[in-house]
Amino acid sequence: MQKNVIVLDVFDREIGATYPKRARGLIRSGRAEHAGDHTIRLLDTHASASNQSQTMEDIAMSFNIDFNAREFHFAPSCETHVGSRLLVTAEDGDKVELFELGDRHQPQTQIQMERTLQKNTEYCFRFAMTRGQVDEDLASVQFIMAANDSWEDRFVYQLTQGAYKPTLSKRSVNGLLQIYEIPFYTGTYENWQFVFAVRQTTVQFMPAQELEEYTTLEDCTYEQWKKECKEQSENSENDKTFPNVTINLSGAHLSEQALYNLLAKIGSDSDVDLNLSGAIIGDRQLVKNEQEESSQKNVE
């Protein structure tokens with residue numbers, strides 16, 4: 001379920017988005033009203049201190065910024081890109097758009113989005129990330145936030161190998177699923193950039209659901225996932241079967257080095273059926289001379 005209902009404050013300023021279910025609850029409780037298609041307006045409720053407190057809580061919750069694949073684009077600073085925006089079916093059956101980025105051989109791929117935010121305000125950027133393989137030693141996955149006028153003061157979150165701990169870490173059918181909720185304060189800046197940078201690995205970025213939606217999934221840390229992937233790889237190598245190879249070189253002429261190179265390519269663990277009937281191994285002229293000498297001896 002995505003946050004696709006726009007939330008306006010009492011002055012019709014957009015302050016965030018929320019889920020349809022939460023929007024209906026705000027309207028039923030009298031704390032909001034319809035303001036258009038997929039849009040609600042928060043009401044200025046001062047009937048009681050409890051109402052006011054609850055309204056402020058709802059406003060604070062609406063300052064979440066949720067990952068939206070359509071808002072991101074490839075960063076022009078990267079010369080090459082490996083990735084694509086995909087529409088998939090999530091585990092709950094809903095359709096979701098995500099960005100799949102990088103591979104093991106790509107130096108770096110970046111996507112970014114720009115957003116104008118309110119000054120001196122607390123926000124929380126939320127996203128989900130899945131990975132189906134263990135990060136290599138040179139791999140890097142980073143989330144970066146920066147005010148446009150202050151790139152030197154950017155915030156860099158290292159997501160590789162569990163360096164920055166996620167809010168939730170779960171096992172899913174697509175691999176290791178990690179949910180991140182990263183709070184930040186805008187201060188005096190309005191224009192912000194949000195960047196995902198991926199190097200030499202493959203990950204998927206998608207919207208995060210409400211945390212309670214993940215309660216049925218099994219907890220799994222990156223360390224556990226890494227250990228399991230290593231064990232699976234070792235078991236796969238131990239169970240590996242080698243093919244039977246049949247090579248017919250009857251009547252062929254080839255050097256010893258050529259025969260050695262051929263067998264080296266097949267490997268020592270293969271079961272080889274090699275037919276060398278009538279084959280000449282070595283220098284052709286030398287073999288011919290040996291055959292002539294043998295014939296003369298037989299005549300004498």
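R126 and E181 meet in a salt bridge, with their closest N and O atoms 2.8 Å apart. R126 sits in strand β10 and E181 in strand β14 (residues 175-185), so this pair links distant parts of the chain, 55 residues apart. A salt bridge here is a side-chain nitrogen of Lys or Arg within 4 Å of a carboxyl oxygen of Asp or Glu. Helices (H or I, at least four residues) and strands (E, at least two) are DSSP runs, numbered from the N terminus.

The model is predicted: local features need pLDDT of at least 70, side-chain atom pairs count only at pLDDT 80 or more, and totals for chains, interfaces and linings use all residues. Residues are numbered from 1 along each chain as its sequence is written, and side-chain values use heavy atoms, with hydrogens and water left out.

How exposed is each partner? E181 counts as partly exposed at 27% relative accessibility. R126 is buried, with a relative accessible area of 1%. The cut-offs are under 20% relative accessible area for buried, over 50% for exposed, and partly exposed in between (1.4 Å probe, protein chains only).

R126 has a salt bridge with D66 as well, at 2.9 Å from N to O. D66 belongs to strand β5 (residues 64-66) and R126 to strand β10, so the contact ties together parts that are 60 residues apart in sequence. D66 is buried too, with a relative accessible area of 16%. Side chains of opposite charge can pair when their charged atoms come close.

The whole structure holds 12 salt bridges. One of them joins K170 to D219, with the closest N and O atoms 2.5 Å apart. K170 lies in strand β13 (residues 168-172) and D219 in the loop between β16 and α3 (222-238), so parts 49 residues apart in sequence are tied together. K170 counts as buried, at 7% relative accessibility. Elsewhere, D12, E33 and R41 are linked in a network of salt bridges.

Back to strand β10, this time for its aromatic side chain. F127 forms an edge-to-face aromatic pair with F196, at 4.9 Å centre to centre and 80° between the planes. F127 lies in β10 and F196 in strand β15 (residues 191-199), so the pair ties together parts that are 69 residues apart in sequence. Both F127 and F196 are buried. The structure holds 21 aromatic pairs. Rings of Phe, Tyr and Trp (its six-membered ring) pair if their centres lie within 6.5 Å; planes under 30 degrees apart count as stacked, over 60 as edge-to-face and the rest as tilted.

Next comes the pairing of the strands. Strand β10 (residues 122-131) runs antiparallel to β16, joined by 3 bridges. Within that pairing, A128 has M206 as its bridge partner in β16. Strand β8 (residues 95-101) also pairs with β16 in the antiparallel sense, over 3 bridges. There, F99 has F205 as its bridge partner. Two strands pair if DSSP finds at least two bridges between them.

Which way do the side chains of β16 point? V203 and F205 point one way from β16 (residues 203-206), Q204 and M206 point the other way, and all are buried. In a regular strand the side chains alternate between the two faces of the sheet.

β6 pairs with strand β9 (residues 109-116) in the antiparallel sense over 2 bridges. H73 has Q112 as its bridge partner in β9.

On the surface, L263, V272, L274 and L276 form a nonpolar patch with about 250 Å² of accessible area together. Patch members have over 30% relative accessible area and no salt bridge; like charges are joined within 9 Å, and nonpolar side chains (Val, Leu, Ile, Met, Phe, Trp, Tyr) within 5 Å. L274 lies in strand β19 (residues 271-275). L274 is partly exposed, with a relative accessible area of 31%.

Finally, the totals. The protein has 5 helices and 20 strands. Of its 300 residues, 38% are buried. The protein exposes about 17,900 Å², with 47% of it supplied by carbon and sulfur atoms; accessible areas come from the Shrake-Rupley method with a 1.4 Å probe, and for residues only the protein chains shown count as cover. Among contacts with a separation of 6 or more, 71% join residues 24 or more positions apart, where contact means heavy atoms within 4.5 Å.
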